[in-house]
Amino acid sequence: MRKIDDFIRELSRSGAEAYLTLDYENRNPVVHELTAGLLLTRKIAFLFSKGGLTIIAQTLDIPFLKNTPSLKGALVLEYRTWKEFLLLLEKSLVGFDSVMMDVSEAGLLPRVSLADYGSAAFVKGLGKKIVSSADLINRLTAVIDEEGKRSQKEAADILLRLVEEAFGLIRKRLLAGLGLNEYEVQSYLGRRMDEERLIFDDLPIVAVNANASNPHYQPTLEAHSPIRPGDLILIDIWAKKKTPRAVYADITWMAYAGEEVPARMAKPFGVLKESIDQALAFLTRELPNRAVKGCEVDDLVRSFIEGAGYGAYFTHRTGHSIYSDEGPHGPGVNIDDYESHDFREIVDGNSFSLEPGIYLPEFGLRSETDVLIEGRQPIVVAGRQKEIVPLLKK
C-alpha cells in the first residue's frame, strides 16, 4: 500500500510544489489505495506538498479518516457545505504557484485524466498553473516490486509452456486427420490455466487466418472457425499467479499448420520481429542517458513498419502498461503515440508489452512479449518468437 511519504518523496523528486487529487465514492484508484479502500461517500480532496498531506473532507466522512492508519499525520480539514469546501481548498492552495492535478494533454490519457473540468477550472481561476500528474502516478502506481517481478517471470514461463502444449495439440489432431477448431483450443488453454492456478480476466484469443486480423477477436461456442492444414494460427494469452500483487504476463505466438511457412506470411512476420528488435535496441541505447517517453518507442516501431510498406495494417498502439491490475492493462506508461500521446517517462520498475501487428485482409499477424525496465535497461521477461512455428514440419 502506498503511504503519504511515498507521495511526498515522488513530489519532491518531480520538483513540483503540490499535488491535488480529488475523489467521490471511490472512483479515484490513487485515493482508494491510500485510504485502504474506505467507502467514502462525499467529495474529498487530498493535497500533497513538502509540508505533508492536507485532506479536505465532509463531516460525515471525518470519523472514518481519523481511524485510518495509512493517513496518520495528515492534516484533516472539515467542511459541511460546498461553499466551505471551496473556501478551504482556496486557502490550502495559498503559496503555491503551480499545482499538479490528474489531467493530461487533451484528455488523451484516460487512466490519468481523473480531475473533472470544473475542479481544474476552479484551481486555474485562482491563478495557479496546472501541470499533469501523469509521471507522478506512473511512478507511484506502476512500478513493480521484487515479488512482482518474480511472479511475472513465473507466469510468463507457464504461458510459454501452455502455448507449446496448444501447438502440440493442434499438430497431433491434424496429423491424425481429426477435426479441431479455435474454440476447442481456447477451452483447452482455459482449463490448463485453471490447473496451473493462474488468474485471468478473459479466455485467450485463438484465431486463424482473417480472424486474426481482428486484434480482439474471440471464438465462442456458437461462432468459431475450424483449424485446417494451411491455416495461420494466432494465440494471444495473458494471466497472472494467484499471489498478492502478482503481475500479469501477456504474450502472442503464431504458428502455421503446414511443413513450411509461406513467404507471404513469413515476410511480414519478419518485419514485426525486426521492429521489436529495434525497439529493444533503442531502449538499451537511450535509457541510460536520458528520459525516454512511451510515445517515442511507438513512433520508432511504427516508422519501421510503415517503411516496410505495412503501415496501413498496423492499427493499434505498440504496447500497453502491465501491472497487478485485475486485467493485463496497467496504469503506467503505454508504448503509444497512435491511440493517445503517452508522454510519460519510462522508469525502472515499469513493465509493458511490445506487440506490433500487421493485419492484412486475408490474415493477421502479431508478435508480443513483455519487457521490464531494470537498471535503466529493458529486460525481456516473456520470450521472443523469431519465426512462425511450422507445426507439421517433419
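A polar contact is a pair of N or O atoms within 3.5 Å; within protein, one atom must be able to donate a hydrogen and the other to accept it, and residues adjacent in sequence count only if both atoms are side-chain atoms. This tour concerns a predicted model, in which local features need pLDDT of at least 70 and side-chain atom pairs count only at pLDDT 80 or more, whereas totals for chains, interfaces and linings use all residues. Residues are numbered from 1 along each chain as its sequence is written, and side-chain values use heavy atoms, with hydrogens and water left out.

**The whole chain**

Helices (H or I, at least four residues) and strands (E, at least two) are DSSP runs, numbered from the N terminus. The C-alpha atoms fill a box of roughly 75 × 40 × 35 Å along the principal axes. Of the 394 residues, 54% count as buried; buried means under 20% relative accessible area, exposed over 50%, and partly exposed in between (1.4 Å probe, protein chains only).

**K128**

Next, select K128, in the loop between α5 (117–125) and β6 (129–132). What lies around the side chain of K128? A polar atom of that side chain is 2.9 Å from the backbone oxygen of L93, and one is 2.8 Å from the backbone oxygen of F96. Leaving aside residues up to four places away in sequence, K128 touches L93, V94, G95, F96, D97, V99 and V123, where contact means heavy atoms within 4.5 Å.

**Helix α6**

Move on to helix α6, residues 134–141, where 6 of the 8 residues are buried. Those to select are A134, L136, I137, N138, L140 and T141. Their cover includes α1 (4–14), β1 (18–23), α2 (29–34), β5 (98–101) and β6.

**Helix α7**

Now display the side chains of helix α7, residues 146–175. E146 and K149 meet there in a salt bridge of 3.0 Å, N to O, and the two residues are 3 apart, about one turn of the helix. E146 is partly exposed at 46% relative accessible area, whereas K149 is buried at 16%.

A second pair joins R150 and E147, whose closest N and O atoms are 2.9 Å apart in a salt bridge. R150 is partly exposed at 44% relative accessibility, as is E147 at 38%.

Further along, K153 forms a salt bridge with D157, with the closest N and O atoms 2.8 Å apart. K153 and D157 are 4 residues apart in α7 and therefore separated by about one helical turn. Salt bridges that share partners also join R161, E165, R192, E195 and E196 into one network. The structure holds 29 salt bridges.

**Two loop positions**

Select N211 in the loop between β8 (205–208) and β9 (232–241). Which side chain does the side chain of N211 meet in a polar contact? The partner is E182, at 2.8 Å. Besides E182, N211 touches Y217 and S225, not counting residues up to four places away in sequence.

Finish at S70, in the loop between α3 (62–66) and β4 (75–79). Is S70 buried or exposed? S70 counts as buried because its relative accessibility is 16%. The C-alpha atom of S70 is 13 Å from that of G52, 18 residues away along the chain.

Notes. A salt bridge is a side-chain nitrogen of Lys or Arg within 4 Å of a carboxyl oxygen of Asp or Glu.
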